[in-house]
Protein chains: 2
Amino acid sequence: MAQMKLQVSRRQRATPYTSRVEALGVSGFSVVNHTILPKGFERSVEEDYWHLKNHVQLWDVGCQRQVELRGADAARLAQLMTPRDLRQAEIGQCLYAPMIDADAGMLNDPVILKLAEDRFWFSIADADMLLWAKGLALGMGLDVTVDEADVWPLAVQGPRSDDLMARVFGESVRAIRFFRFDRLELNGREIVTARSGFSRQGGFELYVDGFDFGAEVWDALWQAGDGLELSAGCPNLIERIEGGLLSYGNEMTRDNNPLECGLERYCQLDGSLDYIGMPALRRIAERGPDRMIRGLIFDGDACPACQRPWPLMIDGTQMGYVTSAIWSPRFQRNVALAMIEREHWQHGTAVEVHCEDGRERGGVITELPMEGP
Amino acid sequence: MAQMKLQVSRRQRATPYTSRVEALGVSGFSVVNHTILPKGFERSVEEDYWHLKNHVQLWDVGCQRQVELRGADAARLAQLMTPRDLRQAEIGQCLYAPMIDADAGMLNDPVILKLAEDRFWFSIADADMLLWAKGLALGMGLDVTVDEADVWPLAVQGPRSDDLMARVFGESVRAIRFFRFDRLELNGREIVTARSGFSRQGGFELYVDGFDFGAEVWDALWQAGDGLELSAGCPNLIERIEGGLLSYGNEMTRDNNPLECGLERYCQLDGSLDYIGMPALRRIAERGPDRMIRGLIFDGDACPACQRPWPLMIDGTQMGYVTSAIWSPRFQRNVALAMIEREHWQHGTAVEVHCEDGRERGGVITELPMEGP
């Protein structure tokens with residue numbers, strides 16, 4: 001079932017780049033935020049992995065929808081929705097921010113862009129944070145407008161990203177710092193552009209403002225790629241797992257708190273900051289999380305796609321579960337992300353994975369990002 | 001692009017019935033509420049249409065997730081979320097209910113099941129109403145628990161549904177009234193079962209409580225099908241369009257209000273009922289909606305899949321758009337649902353459809369459900 005046909009309708013929204021990725025041979029889509037996300041092109045996942053690590057790719061990540069908060073209470077609502085301390089956040093900053101409910105369950109893990117003191121974009125993972133923000137704003141009587149911006153992110157990822165971007169936008173793009181954004185210009189229109197992206201290979205995310213402008217931006221970058229081995233791409237599962245990048249809905253759900261997701265550094269826990277879920281999160285912090293996300297490297301031939309959590313066993317007892325897994329050509333073994341009980345989460349612990357092909361494979365718990373050959 | 005491969009991961013959840021529909025040759029999925037929905041089997045959509053109209057089908061509609069409200073303020077929160085008057089609602093009743101925001105924009109169109117005076121299920125279309133309800137409850141300080149129930153709807157649809165259900169649950173199922181539910185029993189476990197479903201061919205929806213119980217219920221129904229030409233099925237686009245059944249995300253989005261969606265009969269508009277969006281909705285009602293959903297029958301050979309709204313032209317000017325369309329073997333013409341401006345929404349109006357294959361096809365506005373051969 002790893003690949004099944006997807007029926008597309010208006011409900012599964014196209015992006016401004018859909019026509020471009022179709023022309024370039026996109027082979028499948030996922031659905032994120034009611035929007036289609038390319039999941040592969042003509043290359044294999046392994047070929048795509050090596051390309052991403054060596055060259056530069058254009059990614060249609062229009063599915064990273066922007067929930068915009070603006071108005072007098074925008075900063076207050078933004079802070080209520082995350083344990084991350086936004087008090088010192090600067091305009092031009094991107095902030096990775098867990099979002100939690102009153103029980104400290106993970107609702108999302110967006111990157112927040114602070115556009116102005118009273119204006120924010122939440123660049124969201126797969127859940128309708130628009131509805132959460134609107135519900136809170138209405139329920140609390142806040143003076144804030146919450147809507148989905150007509151903004152369609154386009155990512156440039158890979159070690160030659162700066163070279164490609166400089167050809168289109170000038171050398172100044174090289175000065176954009178990590179998780180900061182600048183306002184670039186193309187054909188008289190401004191593009192909020194951050195050094196960020198869902199890989200560990202460097203690059204940018206262009207927050208293209210206006211569906212009608214998207215194809216023009218794609219084409220300008222595409223046409224500038226001569227000699228850079230530029231290709232269309234998409235988030236790569238091998239690279240993501242090795243890099244320890246979490247995917248909301250896969251590694252974490254509402255059943256997980258940010259501490260067990262390894263996100264403690266984004267959580268203000270001293271009680272001085274008011275946000276939803278703060279008391280619950282502090283209680284968890286006091287006793288320590290019961291389980292934690294870890295890397296896992298395991299043996300056997302290439303594992304199947306992980307479509308539901310796989311039991312992770314130690315001495316015949318389940319001590320966690322695998323949430324994402326794939327064969328790594330670099331390690332020449334399978335790599336995975338797993339949630340593991342406290343007593344067993346030390347690096348080096350030997351485990352057995354019960355994959356959904358019915359086979360058991362032995363492995364060992366590792367650090368994230370994974371250090372390897 | 002109408003059919004593209006779908007990558008399945010934990011984020012796109014399987015249902016208790018996924019293994020069963022796979023064994024029966026499911027050919028594709030859609031994604032609804034982060035859950036996979038079968039979109040076809042080995043038959044064509046046309047063959048499936050005739051089968052549904054003549055026999056009985058089992059549908060995996062586990063994607064119709066249940067947002068449960070329970071507690072002292074459950075009824076209050078339920079009423080706040082819909083313009084439908086719930087004051088006289090009875091336990092055992094199912095209520096189709098538009099949900100709107102403060103601007104009267106459609107957020108969802110669930111069926112609400114009143115389980116008790118202080119307990120409701122919202123059987124939702126594709127949007128995270130859990131987050132809307134949780135945000136409102138928290139923001140307003142309501143005494144209500146909001147969560148997603150471990151309930152996985154299974155639909156029995158088609159004219160022989162009563163016969164199939166009676167074989168498994170006894171003759172008393174025939175007495176269940178339309179949009180009422182009863183509590184049936186199988187192997188000692190209770191199943192809330194309503195006479196309802198996303199077709200006009202009659203049938204039931206079984207709200208199977210417990211993922212672990214799902215396959216057992218499916219199998220009991222499947223094994224009882226001898227001589228009834230029972231098969232696996234799914235919502236059928238031809239039947240849905242002819243029947244005028246709307247799909248949230250296709251026919252309506254937050255940009256639409258319930259009046260233009262033809263849902264006025266579910267809206268209490270006299271000002272005596274307090275719900276979110278009431279003032280905005282009353283203002284729209286006073287001046288009348290600017291556009292309305294209509295049926296459309298149009299010429300030419302079989303149209304392509306409608307992946308984005310198609311312009312609907314009258315005398316060279318756009319006067320609306322088509323949201324869903326397909327060839328109808330019964331009408332031997334294309335059928336569609338369309339949103340049409342007030343001046344032109346009369347039945348019989350001649351229009352021209354600009355399909356996404358670049359071709360223009362002439363048609364005429366019709367009533368819903370469509371009366372035909």
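Which domains does the domain assignment of chain A give? The assignment, automatic or from a database, gives domain 1 (18-63 + 150-240), domain 2 (66-148) and domain 3 (290-373). The model is predicted, so local features need pLDDT of at least 70 and side-chain atom pairs count only at pLDDT 80 or more, while totals for chains, interfaces and linings use all residues. Residues are numbered from 1 along each chain as its sequence is written, and chains are lettered from A in the order in which they are written.

The C-alpha centres of domain 1 and domain 2 of chain A are 25 Å apart. Eleven residues of domain 1 of chain A contact ten residues of domain 2 of chain A, a contact being a pair of C-beta atoms, placed from the backbone, within 7 Å. On the domain 1 side, strands E12 (151-157) and E14 (189-194) of chain A each supply at least two residues; strands (E, at least two residues) and helices (H or I, at least four) are DSSP runs numbered from the N terminus.

Between the chains, 44 residues of chain B are in contact with 44 residues of chain A. Helix H4 of chain B gives the most to the chain B side, with eight residues.

B:Ala133 touches B:Val67, B:Leu69, B:Leu77, B:Met81 and B:Val146, residues up to four places away in sequence not being counted.

Technical notes. Two residues are in contact if their C-beta atoms, placed from the backbone, lie within 7 Å.
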